[in-house]
Amino acid sequence: MAKVITTELQHSGASGANVTLDSSKNVTCENNLTVDGTTTLTGAVTLPAGTTPDTLSFRNKLHNPDFKVWQKGTTFSPTTSAIFSADRWNNANGSSFNQDTTVTRSTDVPTNAGSSYSIKIEADAAVTPSGGDNMVFRQRLEGQDVQDFDFGGANAKGLVASFWCKCNSSAAGAYSFSPRFFDASNNGYGQIHNFTPTTSWARYTFVLPANGKALDTAIINSNGEGFEFAIHLATGSNDVVSAHSTWASQGWAGTGSKNFMDDAANEIYFTGFQLETGSAVTDLEVRSYGDELLRCQRYYQSILGVMGSWGSAVAYSTTAAQGWSSIHPEMRAAPTFSWTGTIKVEDGGAGYTTSSTTASTTMGTRGFSWWTGNFSGLTDNNVYYVYGNGNTGYFKLDAEL
Amino acid sequence: MIITDAKYGAKLGTNTCIIATIDGEEFSVPLDTDNRHYAEILKWVSNGNTIKAAD
């Protein structure tokens, strides 16, 4: 059998070797390599530093990107106040704009995209934004969770954002994807990209190059807002500028963007959101329900009041009690506390309810205490376990951004 | 976020929270500037509103 012994292979038109060989049996391909057949790798694979995040788990910075988690319910009717609907997702408004909509969990999803649910936003009335009015569907990320973007220097990374969207015919038109990052003084710097959904599901991808303010302004490194992933559905004239792909401190929505609220029949769906470093989009990273729930519970927890699930309490009179409960996982900040249903304390022999609908508290990120009156028949200094009367109702802890 | 009422809750003479009515619902809000409800209450106060003293 003939053998070719050489150190280089070169195309006649190339200026140098295409392939080099060395005495240790290493082969270096000097440019692109195309393999038409199956590739089998038996050794370790080393990837360029810039591409590594694209290939591993946890590359998607967004929480609940495919709408698995709905701790607050599955139907909402926001108007002049912002709400959180699906966990981590905020139906927000500016200048008290009347975002008169119905927001629901939907099973209408793109085929083979990795999502079982989408979020559906339906207009309930025609409303025209003016001045500083805004209607925004967004998710805010903690600054400490996006430090790997390396903004603020020459090594700032490019980002890729993607999501699936469709709408009905009356809602078809251009809308604006407006990501922003925030510095330590809470100054925001964004890009604006228009996209045009149709009546068919499609994946929209936006390459966000590392440029402009990303090269000289660092993202705040704290549990405060560091990055906003926002879609503007209605925008008053004060906040409309030309779409741009340079991180800069201007505008919210791109020129030519449509007012989603221009027709009470409008509907729009979203799912499969992803924000990752790199320069090329990857498939949606699908995480388990448990993983997503745990991520979401850093920001909001809804605890069903089944037997004993609301912790313990001690009576400090015959009509008042102080309860305490730990919080898992630790929350982003001390949460706001409220409950639905009726608090009941029980000592194994008898149960006692309060007519109070609120309580004073000391709240921490890992636990909290509440105290209230309007009980009757308690035994002073007795310890009780706490739950919702009828095993219904929820303790609600809110530490959203 | 529309705030219509706010009153301190206290323990042993020290304010520990604010009982607030926000968008028509009652909440117990911690005195934590990282909490978005507390931040909104501070804006509400800066607009001339007053948090009532604890009982």
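Author: What follows is an account of the contact between the chains, then of the cores and salt bridges around it.

The model is a predicted one, and everything below should be read with that in mind. The contact draws 25 residues from chain A and 20 residues from chain B. The size of an interface is often given as the accessible area lost when the parts come together. Here the area buried between chain A and chain B is about 1,700 Å², and carbon and sulfur atoms give 43% of that area. On the side of chain A, the residues that lose the most area to chain B are S81(A), T336(A) and T358(A), which together account for 26% of what that side buries.

As for specific interactions, the rule finds 13 residue pairs in polar contact across the interface of chain A and chain B, with both residues at pLDDT 80 or more, and it finds two salt bridges across that interface. One of these joins the side chains of E25(B) and K396(A), with an N to O distance of 3.9 Å. That value should be read with the cut-off in view, since the rule asks for a side-chain nitrogen within 4 Å of a carboxyl oxygen.

Turning to the secondary structure on this side, β23 (336–339), β26 (360–363) and β29 (394–398) of chain A each supply at least two residues to the side of chain A that touches chain B. The largest share comes from β26(A), with four residues. By kind, the residues of the side of chain A that touches chain B divide into ten nonpolar, eleven polar and four charged.

Leaving aside neighbours within four places in sequence, H37(B) is in contact with T336(A) and D398(A) from chain A, and with M1(B), I22(B) and V29(B) from chain B. H37(B) has a relative accessible area of 5% and therefore counts as buried, the cut-off being under 20%.

In soluble globular proteins, nonpolar side chains tend to be buried together. The largest nonpolar core in this model has 48 residues, of which F163(A), F195(A), L233(A), F260(A), F270(A) and F273(A) touch the most other members. Among the elements that give two or more residues to this core are β9 (134–142), β10 (159–167), β15 (225–235) and β19 (267–277) of chain A. F270(A) illustrates the packing: apart from neighbours within four places in sequence, its contacts include F67(A), F137(A), F163(A), W164(A), F195(A), W201(A) and L233(A). A second, separate core of 23 residues includes A313(A), F337(A), M363(A) and V386(A).

In chain A, the side chains of E225(A) and R140(A) meet at 3.0 Å, N to O. Because E225(A) lies in strand β15 and R140(A) in strand β9 of chain A, the pair ties together parts that are 85 residues apart in sequence. E225(A) counts as buried at 15% relative accessibility, whereas R140(A) is partly exposed, with a relative accessible area of 22%. Both belong to a network of salt bridges that links R138(A), R140(A), R180(A), E225(A) and E228(A).

In chain B, K52(B) forms a salt bridge with D5(B), with the closest N and O atoms 2.8 Å apart. K52(B) lies in the segment after α1 and D5(B) in strand β1 (residues 3–11) of chain B, so this pair ties together parts that are 47 residues apart in sequence. K52(B) is partly exposed, with a relative accessible area of 45%, and D5(B) is also partly exposed, at 27%.

Conventions:
Residues numbered from 1 in each chain as written. Chains lettered and ligands numbered in written order. Predicted model: local features only at pLDDT ≥ 70, side-chain atom pairs only at ≥ 80, totals over all residues. Heavy atoms only, no water. Contact = heavy atoms within 4.5 Å. Buried area = accessible area lost by both parts, 1.4 Å probe. Polar contact = N/O pair within 3.5 Å; in protein donor to acceptor, adjacent residues only side chain to side chain. Nonpolar A, V, L, I, M, F, W, Y, C, P; charged D, E, K, R; others polar. Core = buried A, V, L, I, M, F, W, Y, C linked by side-chain atoms within 4.5 Å. Buried < 20%, exposed > 50% of the residue type's maximum accessible area, 1.4 Å probe, protein only.
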